[in-house]
2 protein chains.
Amino acid sequence: MKLTVLGSSSALPTSERYPSAHVLNAHERLYLIDCGEGTQMQLRRNRIRFGKINHIFISHLHGDHVFGIYGLLSSLSLMNRAASLNIYAPANYEYILHSHLKDFDIKLSYEINFIPLAGKDPALILDDRHITVSCFPLVHRVPSFGFLFREKQADRNIRKDAIEKYGIPGLRIPSIKKGADFVTADGSVIPNSELTLEAPEPLSYAYCSDTAFSDLVPGFVKGVTLLYHEATFESSLMSLARITGHSTASEAAGIAKLAGAGKLIIGHFSSRYKSVTQLVEEARLIFPDTYPAEDGQSYNIDEIRKAVKE
Amino acid sequence: MKLTVLGSSSALPTSERYPSAHVLNAHERLYLIDCGEGTQMQLRRNRIRFGKINHIFISHLHGDHVFGIYGLLSSLSLMNRAASLNIYAPANYEYILHSHLKDFDIKLSYEINFIPLAGKDPALILDDRHITVSCFPLVHRVPSFGFLFREKQADRNIRKDAIEKYGIPGLRIPSIKKGADFVTADGSVIPNSELTLEAPEPLSYAYCSDTAFSDLVPGFVKGVTLLYHEATFESSLMSLARITGHSTASEAAGIAKLAGAGKLIIGHFSSRYKSVTQLVEEARLIFPDTYPAEDGQSYNIDEIRKAVKE
């Protein structure tokens, strides 16, 4: 699993930071999370083949998280995409999206499946071969949703030396990988623990933006390997954070700590910060393993798990 | 007058070329022409103070000329713009624009004056202190308009030596600059030609995109100092140009030649061209003073006039 940050600004982009967009590569499938203006250019710049995106998740209906979608959808159509595309967004976006495409005379070469986000409980919204995706409510000026991407538990790894030693036939291997014991020709039972090694622990990634501090979020993202949480302001601007429905760096770190996250990335920085060092330092007082999101930077989530284990 | 190209791609942007947007600086006032996705980032990257933009001209309602406007309008509002902003666009965009801003809960800090473009005749759409702007019809799949920016004829320049020689009082200077003779205290008439020098010829810039070849355009932009004309394809793809309502490089050059333009910039290049050299070479066979648009490049229109005169 690899995360690439395409945009890390808040509503006002700067020359170094584009509006919000992340792309998660899980087992060579791409999942786009938010789609701020310029997402398609950032995908190109980072040589990410956006034809491989089959799912787009929109957290909430503020322009800095959405205004890149029209250009991206048009471009996919100009590239003659055939496969249908799944868009997960607050329920009222379905009408807005289709009417805006129609306003611009855009007839897509592919179908859109719209999956509405609504409600106050976490919900499973995608279950594919390798991962599940759930959404959960955040706290913002408009309905806003976080997303949790979780790898499925892989089968146990079978030991090659055990296959040879006991002459295990190929047909039996799938069940042994799922935990079955092996019975040899002479009737002796070889316990699964002698045949297999534990599969790696599933990785997970959670995206929480935009949101004010919510004490429900740690429960939603418990034990997540990598947490992205917005940190628009430093603590001295907490009252501004309250008014605008955003979080401070300390609050983001508090969520990471309460959730027992492996690592925290903060982003969605207010354009007032020319350098975000002070935000990172503030967060590290509470959660040391905090890093600032930077446009174009990638994070190997597998390495985070290893580092946390060590 | 200085033109800066912010985007020179056609519908599919590349990593080097953003979608269409030009900004014209005329006497330190900024005029934005088309507003493709990423325009606000390109303005920042080129250090153009976009708070100084008071007029936005939209040629037609295809996304690669418009999708940057929502983010730009939002950003201007976040920057607490107070001055009203004039938007010139095909008439049906007024409803689309306002409803899309409303969909995204965007309440602007300033007023928008919408000036609808319609009809089949050239029309004066702006007349300010230094320039006039006219629109004229192009030929595309949807209603599309070109724009002609023309400096006003400046007053004649009064000669400082003449002021001293004849003791011309300050009160008389404005009328002399407009062509009046001067009558001295003893009644002798000094003809204006002895008192003033000719003002520089007014500069002009025309933007023609998107459009198929139209034999009306040379008449609309007769004698323009700098002409931008789209050249999406090379001549070998003329049939594709016909179907899609675009021009070839030769056709763009033909328009420049027929119009007696000072210089031609071609752009809106199909993403199939990794290098646009062949398009420029094709155009130069017909109109030698042809150059390719490049994102971030500026063109001093005053220098073009001088070069043409020499």
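Start in chain A. Select Ala206(A), then Leu227(A): Leu227(A), in strand 15 of chain A, is the bridge partner of Ala206(A). Keep in mind that this is a predicted model.

**Stop 1: the strands around that bridge**

Now bring in their neighbours. Seven strands of chain A make up an open sheet here, in the order 7-8-9-14-15-16-17. The pairing in this sheet is mixed. From one strand to the next, the twist averages 20°.

Which strands stand at the edges? Select 123-127 and 290-292 of chain A: these are strand 7 and strand 17. Each has a single partner strand, so one side of each has no neighbour in the sheet.

**Stop 2: helices on this sheet**

Select residues 249-259 of chain A. This is helix 9, and it lies across strand 15, strand 16 and strand 17 of chain A. Helix 9 of chain A runs at about 150° to strand 15 of chain A.

Next, select residues 277-284 of chain A. This is helix 10, which packs on the sheet and touches strand 16 and strand 17 of chain A. The direction of helix 10 of chain A makes about 165° with that of strand 17 of chain A.

**Stop 3: another sheet in chain A**

Select residues 29-33 and 53-57 of chain A. You now have strand 3 and strand 4, which pair in the parallel sense over four bridges. Pick out Leu32(A): its bridge partner in strand 4 of chain A is Ile56(A).

**Stop 4: a helix pair in chain B**

Move to chain B. Select helix 9 (residues 249-259) and helix 10 (residues 277-284) of chain B. Their axes come within 8 Å and cross at roughly 40°. That makes helix 9 of chain B oblique to helix 10 of chain B. The crossing is right-handed.

Show the side chains at the contact:

- From helix 9 of chain B: Ala249(B), Ser250(B), Ala252(B) and Ala253(B).
- From helix 10 of chain B: Leu279(B), Glu282(B) and Ala283(B).

By class, this contact has five nonpolar residues, one polar and one charged.

**Stop 5: where the chains meet**

Show both chains. Here 29 residues of chain B are in contact with 29 residues of chain A. Select helix 1 (39-45), helix 2 (69-78) and helix 3 (93-103) of chain B. Each supplies at least two residues of the side that touches chain A. Which helix of chain B gives the most? Helix 2 of chain B does, with five residues. The residues on this side of chain B divide into 13 nonpolar, eleven polar and five charged.

Of the interface residues of chain B, 100% are also interface residues in chain A, so the copies meet through the same surface.

**Last stop: the axis**

Terms used
Residues numbered from 1 in each chain as written. Chains lettered and ligands numbered in written order. Predicted model: local features only at pLDDT ≥ 70, side-chain atom pairs only at ≥ 80, totals over all residues. Axes fitted to C-alpha atoms, helices over the stretch in contact; angles between N-to-C directions. Parallel < 35°, antiparallel > 145°, perpendicular 65-115°, else oblique. Left-handed = near helix turned anticlockwise from the far one by under 90°. Contact = placed C-beta atoms within 7 Å. Nonpolar A, V, L, I, M, F, W, Y, C, P; charged D, E, K, R; others polar. Pairing = 2+ DSSP bridges.
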